[in-house]
Amino acid sequence: MGWTQHTVGTQNIRAMSIIQLLLGNMGIAGGGINALRGESNVQGSTDHGLLFHILPGYLKVPPASLSTLKLYNEKYTPTTKEASSLNWWKNYPKYSASLLRAFYGMNTNLEEAYSYLPKIDDGVNYSWLALFDQMYKGKIQGFFAWGMNPAVSGANAGKVRQSLARLDWMVNVNLFDNETGSFWRGPGMDPEKIKTEVFMLPCAASLEKEGSITNSSRLMQWRFKAVSPPGKAKPDGEIMTDLFYRINDRYEKQGGPLKEAITKMTWNYGPKGADGRIRYLDIHAVAKEINGSFLEDKTIEDKGVKKEFKKGDPVPSFAFLQDDGSTSSGNWLYCNSYADKGNMAARRGTKDASGIGLYSEWAWSWPVNRRIIYNGASVDPTGRPWDVKHPVILWDGAKWTGDVPDGVGDPGSGRPPFIMKPEGVASIFGPGLTDGPFPEHYEPLEGPLEKNLLSHQLTNPVIKRWDKAGVGTEMDKVASCDSRFPFVCTTYRVSEHWQTGVLTRWQPWLVEMQPAMFVEIGSEIAREKGIKNGETVVVKSVRGELDAVAIVTSRFKPFKIDGKTVHQVGIPWHYGWVTTATRKYAANDKKPELFTSGDAANLLTPTIGDANTMIPESKAFMVNVVRKEVR
């Protein structure tokens, strides 16, 4: 997260990728870019289309201008003049057709199914910052906060909380009460003036349900249910099923715009009763739909051999998906995860035939259990491994052994190894990014420097400036090189808490170890400000302020930049007001066994994001730290 939460986050990753390319570290054992994600299923959630601009399997969400499936496929199916390139994305129409079949089955034809897909307006951004900006401006009426706590996790959290107050309704799906579900009674809020109707749907924790996660190595691991959820709490899939049937009934009875987008959708996630509805949710049925199946009898030629498949057979791998509507797959990358050999993610084999730590019988890795993608780049054109001591794949004279080969041709065939690129080679020159084809150093939007020492351009020139007139709101303030806020601040995590603390701030043994919001400051700042270790101070930016316990440390040392002394401070982002002793508790409110203190770090962070992804710049902004009596 430290690399990406910047206005140049994408280019930071590009820079590291270019370095690894130049060093020859792609596709080899121990190479590549290995992301330290914020939690264990970030990869899986992205694979399955959590972000606004992608569908499962990294297919594109269609813009309104692509009115037909034909236009959509033509737009996103690359062509190449490189005869030896595999150009794997040429199969895009197979994956889009199979995804549509997963949504609608045989209830409609492919063109109609495509017409039911939600479209985004061309050129409009629907990412996190934009959504809450539109919410603040009264453009969004309803909101599902599903397993998230944006009143703590969102940049410029004060704006986020005010945005929630402008909704008509909000559904909060979570395990415990949190700052989002109870925003209306938080600091500075007057419940009598807030119109938002809030519904709390208690859900099951990971140990209270069965299912899978996929980590940053693309390893899909099955988790088994340990205990049942308490009270009325349900697994997410059961909540979604209940909602689907209720919404479907409403459309059937009352109609509505494009009602077929709901009423023709399939929902085959368990045994059905006489009414055609599932009697209970079978999460294995969901996993099987993601893998994919044949919707009719089919004969497919594979490497010169004709293979027969019957209707209902699982698709053995994405190579067998079709563009004619005869196959279904909820995510083409996950084909082979639940096929003839059953639930591959549930495997727990500990044998490592590779000798380099692949453990190919432990769970399952997309695609087709390949542990290292682009492993064709681990061998030279003659098939000899670049790293002979740690080979990923080996040619035995007739076939490749080791890891599942990544579209690798026979030695000497001339097939380039980067099969997802049209030309088959990696790109140091990276067209398509908003801020240009090469990484460039820019300062953060808020910073202590008046000039960029490496360029005439201070900040990223193509970021969306929410602080400009006519763009954002009066809450999108920025203070750079401002004497009121002299210190660079960064946010980070502690091992005792997780994310926004919704799960961990209710656990007394964790709160005992990390009970309070704190700010780490260097000894130089402490001497200058007269701050003692352990006393309560105020950390404030132009957007907000919060109380924190001062931790005076030698870990934070001043920088010397262009002759100027620059101090940095740090704060964790897990805290919030819901678990504090100073808030008001109603008679039936759950109280924590041990209270925390302090509110959200994001009350201080700016509304600004990366030029490509719009991930907020939470790693660099300007604050002041003062003794509480000074304020």
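**Figure 1. An aromatic cluster in the predicted model, formed by Tyr72, Tyr76, Trp88, Trp89, Tyr92, Tyr95, Tyr114, Phe318 and Trp332**. These nine side chains are listed together as one aromatic cluster, and a search of the whole structure, which is a predicted model, finds 30 aromatic pairs. One of these pairs is formed by Phe103 and Tyr104, whose arrangement is edge-to-face, with 6.5 Å from centre to centre and 85 degrees between the planes. Phe103 counts as partly exposed because its relative accessibility is 26%, whereas Tyr104, with a relative accessible area of 3%, is buried.

**Figure 2. The tilted ring pair of Tyr374 and Phe418**. The ring centres of Tyr374 and Phe418 lie 4.8 Å apart and their planes meet at 50 degrees, so the pair is classed as tilted. Tyr374 belongs to the loop between strand E14 (364–365) and strand E15 (393–395), and Phe418 to the loop between strand E16 (400–402) and strand E17 (487–492), so the pair ties together parts that are 44 residues apart in sequence. Both Tyr374 and Phe418 are buried.

**Figure 3. Arginine side chains over aromatic faces**. Arg348 is placed over the face of Trp362, at 5.1 Å from the ring centre. In a second example, Arg583 lies over the face of Tyr585, and here the distance from the ring centre is 4.0 Å.

**Figure 4. Helix H9 and the elements against which its buried residues pack**. Helix H9 spans residues 236–254, and its 19 residues reach 27 Å from the first C-alpha to the last, close to the 27 Å expected at 1.5 Å a residue. Its buried residues are Asp236, Ile239, Thr241, Phe244, Tyr245 and Asn248, and they pack against strand E3 (142–146), strand E4 (169–174), strand E5 (197–202) and helix H10 (260–263). Gly255 follows H9 and has a positive phi, near 70 degrees.

**Figure 5. Helix H6 and its buried residues**. Within helix H6 (residues 128–136), the buried residues include Leu129, Ala130, Phe132, Asp133, Met135 and Tyr136. H6 is followed by Gly138, for which phi is positive, near 80 degrees.

**Figure 6. An open sheet of three strands in the order E6-E7-E14**. The pairing in this sheet is antiparallel, and its edge strands are strand E6 (211–214) and E14, each of which pairs on one side only. Strand E7 (residues 219–223) and E14 run antiparallel and are joined by two bridges; within E14, Ser365 is the bridge partner of Leu219.

Figure 7. Leaving aside residues up to four places away in sequence, Gly534 touches Val549 and Ala550. The C-alpha atoms of Gly534 and Ala548 are 9.3 Å apart in space, while the two residues are 14 residues apart in sequence.

**Figure 8. Domain 1 and domain 2 of the protein chain**. The chain is divided into domain 1 (236–280) and domain 2 (487–630), and the centres of the two domains, taken over C-alpha atoms, are separated by 45 Å.

Note on methods. Residues numbered from 1 in each chain as written. Heavy atoms only, no water. Helix = DSSP H or I, 4+ residues; strand = E, 2+ residues; numbered from the N terminus. Expected span 1.5 Å × (residues − 1). Buried < 20%, exposed > 50% of the residue type's maximum accessible area, 1.4 Å probe, protein only. Contact = heavy atoms within 4.5 Å. Domains from an automatic or database assignment. Phe/Tyr/Trp six-rings, centres within 6.5 Å; stacked < 30°, edge-to-face > 60°. Lys NZ or Arg CZ within 6 Å of the ring centre and 35° of its normal. Pairing = 2+ DSSP bridges.
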